[in-house]
Amino acid sequence: MSDPVLDVPREFGPGVSPPPAGALNLLRRADFRRLYLAVAASELGDSLHYIALMWFAFDAGGPLGVVAVRLADSIPAIVFGLHGGLAADRWSRKRLMVSADLVRGIVLIPVAAAGLAGSLPLWGLVVAAFVLEAATSYFAPAYGATVPTLVDRANVQQANALVQATAQTLSVGGWAVAAALLTFMPVSIFFAVNAASFLVSAALIARVRSATARDPHAPRPRIQEGLSALRPRPVLAASVIALGVAVTITAGSWIGGIPTLVRDSLHHGAGGFSIVMTGYAAGSIASGVVLARLPIRRKARASLLAWTMYLPGYGLVALAHSLPVAIAGAFFAALGQSSAVVLINSAAQEDVPDSVLGRVLGVISLTHRGAHAMGLLLISPLFAFVGARLVFGASAVAVPLVGLAALAGAALATRRRAA
């Protein structure tokens, strides 16, 4: 009887070694192309949605309103993350993705209507943000577990990097389009655009034909099997732990510190903040372009080394006395985090058996998204008492140390298992 935790994926069995394909060549596969276009549509809508969400939150509740909304779109990952992975291994992954998109699209319709009517309260934004992230907690593991079935496991890194580079490019493009649209449209229309993007995504995913069907007679999956699947893979497990700690530090410092640094130390306003954000997006795009063209063999180990990019990244931010230096720091920070996220997901998609892959990706999604909430709670409040430069300087040292310590711990665990 096969073991869903310890089995080697069939694609990597004896005598099977499929060569990796080019990232753009993957778009010739009709089902992956549909999934890619679905994600692209929703990412473009998300870039406009973020502007509307933050604007209405600040207008309704000031800085505390923004914090409330950011917590509302982070906490569901902690609540539903593991169950989202369980659902991806129990039910049809395609139906999960379509259902999640429909929920996200439908919940934004009354939000858009209330915004256009001028009566959108803060509690409405909080509820909508919570529901959107809850649905995403089910979409993300199902999506991640579907990708290997559409592109083969040898190509998951290229596929993930292509999607990331496209998503970040669309985000920058979406911000530029938003600036033009806002000259003659109300910002609340962006909620309607995002609702439409989710409905388009659902229609495209519904046409995917080759997604793996779940066996209705298979034993009911258990959440703990997702954690158990990490134990015989110490480097991947260490990467997940490092992801949680590093993102707690980086998300909390970025969300709470970059606006403070730009305003108080660099003496720029919203325009300067937007330019720094563009630098971060450029780093994420560069990461996607490089990883789409350069296959990495030991992906989990490489994800741990990627966190060392925060030394020049946040180091430059801490020392910045001009906007270009801060932009360069943002670029390196994004290069590190985006590479780490792509590589850790690709490592799981490549190495974990399909029968338990959804739960492992659910653990990774929970760790990644939940760390944003922890960063808001633990790190962001520091900026009320400590200077932004000091926090960024400490983070520039701490984040690389997290990656290197996890790498050393994984090496020790691997030697012990071998002994």
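Let's start at Phe-80, which is partly exposed at a relative accessible area of 24%; here buried means under 20%, exposed over 50% and partly exposed in between, using a 1.4 Å probe and protein chains only. Keep in mind that this is a predicted model, where local features need pLDDT of at least 70, side-chain atom pairs count only at pLDDT 80 or more, and totals for chains, interfaces and linings use all residues. Residues are numbered from 1 along each chain as its sequence is written, and side-chain values use heavy atoms, leaving out hydrogens and water.

Phe-80 has an aromatic partner. Rings of Phe, Tyr and Trp (its six-membered ring) pair if their centres lie within 6.5 Å, with planes under 30 degrees apart counting as stacked, over 60 as edge-to-face and the rest as tilted. By this rule there are 10 aromatic pairs. Phe-80 and Tyr-138 have ring centres 6.2 Å apart and planes at 45 degrees, so their pair is tilted. The pair links distant parts of the chain, 58 residues apart: Phe-80 belongs to helix α2 (residues 75–90) and Tyr-138 to helix α4 (residues 122–151). Helices are DSSP runs (H or I, at least four residues), numbered from the N terminus.

Another pair to look at is Trp-254 with Tyr-280: the planes stand at 50 degrees and the centres 4.8 Å apart, so this pair is tilted. Trp-254 in helix α8 (residues 234–265) and Tyr-280 in helix α9 (residues 270–293) are 26 residues apart. Trp-254 itself is buried, at 12% relative accessibility. Elsewhere, one aromatic cluster is formed by Trp-307, Tyr-310, Tyr-314, Phe-383 and Phe-392.

Now follow α8 to its packing with helix α13 (residues 354–378): their axes are 7 Å apart, at an angle of about 35 degrees. The axes are lines fitted to C-alpha atoms over the stretch in contact, with angles from 0 to 180 degrees between N-to-C directions. Among the residues that meet here are Gly-244, Val-247 and Ala-251 from α8 and Ile-364, His-368 and Ala-371 from α13, where contact means heavy atoms within 4.5 Å.

Back in helix α4 we find Thr-136, which is buried with a relative accessible area of 11%. Its side chain makes a polar contact with the side chain of Arg-104 at 2.9 Å. A polar contact is a pair of N or O atoms within 3.5 Å; within protein, one must be able to donate a hydrogen and the other to accept it, and residues adjacent in sequence count only if both atoms are side-chain atoms. The side chain of Thr-136 also reaches the backbone oxygen of Leu-132 at 2.9 Å. Arg-104, in turn, lies over the face of Phe-139, 4.7 Å from the ring centre; the rule asks for NZ of Lys or CZ of Arg within 6 Å of that centre and within 35 degrees of the ring normal.

In the loop between α4 and α5 (156–181) sits Asp-152, partly exposed at 32% relative accessibility. Most residues other than glycine have a negative phi. Asp-152, although not a glycine, has a positive phi of about 75 degrees.

Gln-349 is buried at 2% relative accessible area, and its side chain reaches the backbone oxygen of Gly-144 at 2.7 Å. Ser-346 also lies in helix α12 and is buried at 0% relative accessibility. Its C-alpha atom is separated by 9.5 Å from that of Ala-154, 192 residues apart along the chain.

Note on methods
Helices (H or I, at least four residues) and strands (E, at least two) are DSSP runs, numbered from the N terminus.
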